[in-house]
Amino acid sequence: MESDEIRDTLRAADRAEAAPWTDYPPTPRWYPAAVGVWAALITLALTSLGSEIRLPAVLALIAVEVGFIRWYVRYRKGVMPTGPAPREFRHAILAFVGGAAAIVLGAVVLATQVDAWVAAAFVLIVVPGAIAWYERAYADAARRARERLS
Amino acid sequence: MTPGSALDGLDPALTAPKRLAAMALLSRASGADFGVLREHLGVSESDLSKQMSALMAAGYVTARKSGHGRGSATTYQATRDGKKAYSRHRAALEAILEGGVSPS
């Protein structure tokens, strides 16, 4: 095996390692809105429902989430990325984690200091925008990673 | 890793570039359907079946079938041994490249 051949083999391995991150089907258009509705409902369930129906409501919403994840794994043909992401994704992932923490904090403050319905409305409005931003940032990172590895 | 020990790290089951690429993808994913691997590797169904059989025989990959008939799917997953073998083989290739040693 010549050096050029080894280089080509390693480059193909780099592309294959990145493929679970960079090659994925288009995210459904309803996804950001659906996540917003789900997040608003679980905000309401956790903050405004009586204790006797809170647990069943939260469990039902978790069941919906589990069902969605199972469908999404099938939609991605069994390919869910694991391990470290290619470097192009780091900014988007860090922003996602930070944004999610800020939204949860904002919802908790609104629910405890103002009103549960205000917190749910905040989540319903902010989450779809945040998800839509993340989808664009992710797609841009995937494009840059594909270009680097091509 | 010295050039000599780099050669020791090469795994005969992974010397075929298609098998190495399949292991690379599976080492960074929860799994992958037959069709995804075929599309990524750009190989025929029979070729991919042959490559995946070799990886399964080495204990580096497991296969799970789901569904029946036209809707059926085969999903492959890398085993822990497979991921370790892939990392070793990849490190050996990098060491050979840096050391300028020819494995052939």
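1. Basis of the description. Local features in this predicted model need pLDDT of at least 70 and side-chain atom pairs count only at pLDDT 80 or more, while totals for chains, interfaces and linings use all residues. Residues are numbered from 1 along each chain as its sequence is written, and chains are lettered from A, with ligands numbered from 1, in the order in which they are written.

2. Make-up of chain B. The secondary structure of chain B comes to 5 helices and 3 strands, where helices (H or I, at least four residues) and strands (E, at least two) are DSSP runs numbered from the N terminus. Along the sequence these elements follow the pattern α-α-β-α-α-β-β-α. Of the 104 residues of chain B, 36% count as buried; a residue is called buried if 20 or more other C-beta atoms lie within 10 Å of its own, exposed if 12 or fewer, and partly exposed in between, with C-beta atoms placed from the backbone. Among contacts in chain B between residues at least 6 apart in sequence, 60% join residues at least 24 apart, a contact being a pair of residues whose C-beta atoms, placed from the backbone, lie within 7 Å.

3. The sheet of chain B. The strands form an open sheet of 3 strands in the order E1-E3-E2, with antiparallel pairing; two strands pair if DSSP finds at least two bridges between them. E1 and E2 of chain B stand at the edges with a single partner strand each, so one side of each is left without a neighbour in the sheet. E1(B), residues 32-33, pairs with E3(B) over 2 bridges: Ala32(B) has Tyr76(B) as its bridge partner, and Asp33(B) stands opposite Thr75(B). Between E2(B) and E3(B) there are 6 bridges, and Val61(B) is partnered there by Ala78(B) in E3(B).

4. The hairpin and its loop. E2(B) and E3(B) form a hairpin with 6 residues between them, and Gly67(B) in the turn has a positive phi of about 75°. Gly69(B) is also found in the loop between these strands, and it counts as exposed because it has 5 C-beta neighbours inside 10 Å. From Gly69(B) to Ala91(B) the separation is 22 residues in sequence and 41 Å in space, C-alpha to C-alpha.

5. Helix H4 of chain B. This helix (residues 45-57) has 13 residues and reaches 18 Å from its first C-alpha to its last, close to the 18 Å expected at 1.5 Å a residue, the expected span being 1.5 Å times one less than the number of residues. Leu48(B), Gln51(B), Met52(B) and Leu55(B) are its buried residues. They cover an arc of only 95° around the axis, which puts them on the same side of H4(B); the arc is that of the directions from the helix axis to the C-beta atoms. Ser46(B), Ser53(B) and Ala57(B), on the other side, are exposed. The cover over the buried residues of H4(B) includes helices H2, H3 and H5 together with strands E2 and E3 of chain B. Gly59(B), which follows H4(B), has a positive phi, near 80°.

6. Contact between the chains. In the model, 19 residues of chain A are in contact with 24 residues of chain B. By class, the side of chain A that touches chain B has 11 nonpolar, 5 polar and 3 charged residues; here Ala, Val, Leu, Ile, Met, Phe, Trp, Tyr, Cys and Pro count as nonpolar, Asp, Glu, Lys and Arg as charged, and the others, Gly among them, as polar.

7. Nonpolar cores. A nonpolar core is a set of buried Ala, Val, Leu, Ile, Met, Phe, Trp, Tyr and Cys residues joined through C-beta atoms within 7 Å. The largest has 33 residues, and those with the most contacts inside it include Ala22(B), Leu25(B) and Leu37(B). Helices H1 and H5 of chain A, together with H2, H3, H4, E3 and H5 of chain B, each give two or more residues to this core, and H2(B) gives the most, with 7 residues. Leaving aside its neighbours within four places in sequence, Leu25(B) is in contact with residues including Ala16(A), Pro20(A), Ala32(B) and Leu37(B). Apart from this core lies another, of 15 residues, among them Leu110(A), Ala120(A), Val123(A) and Ile131(A).

8. Helix H4 of chain A. Residues 90-113 form this helix of 24 residues, which reaches 34 Å from first C-alpha to last, close to the 34 Å expected. Its buried residues are Ala92(A), Ala107(A), Leu110(A) and Ala111(A), and what covers them includes H2 (31-47) and H5 of chain A.

Notes. Two residues are in contact if their C-beta atoms, placed from the backbone, lie within 7 Å.
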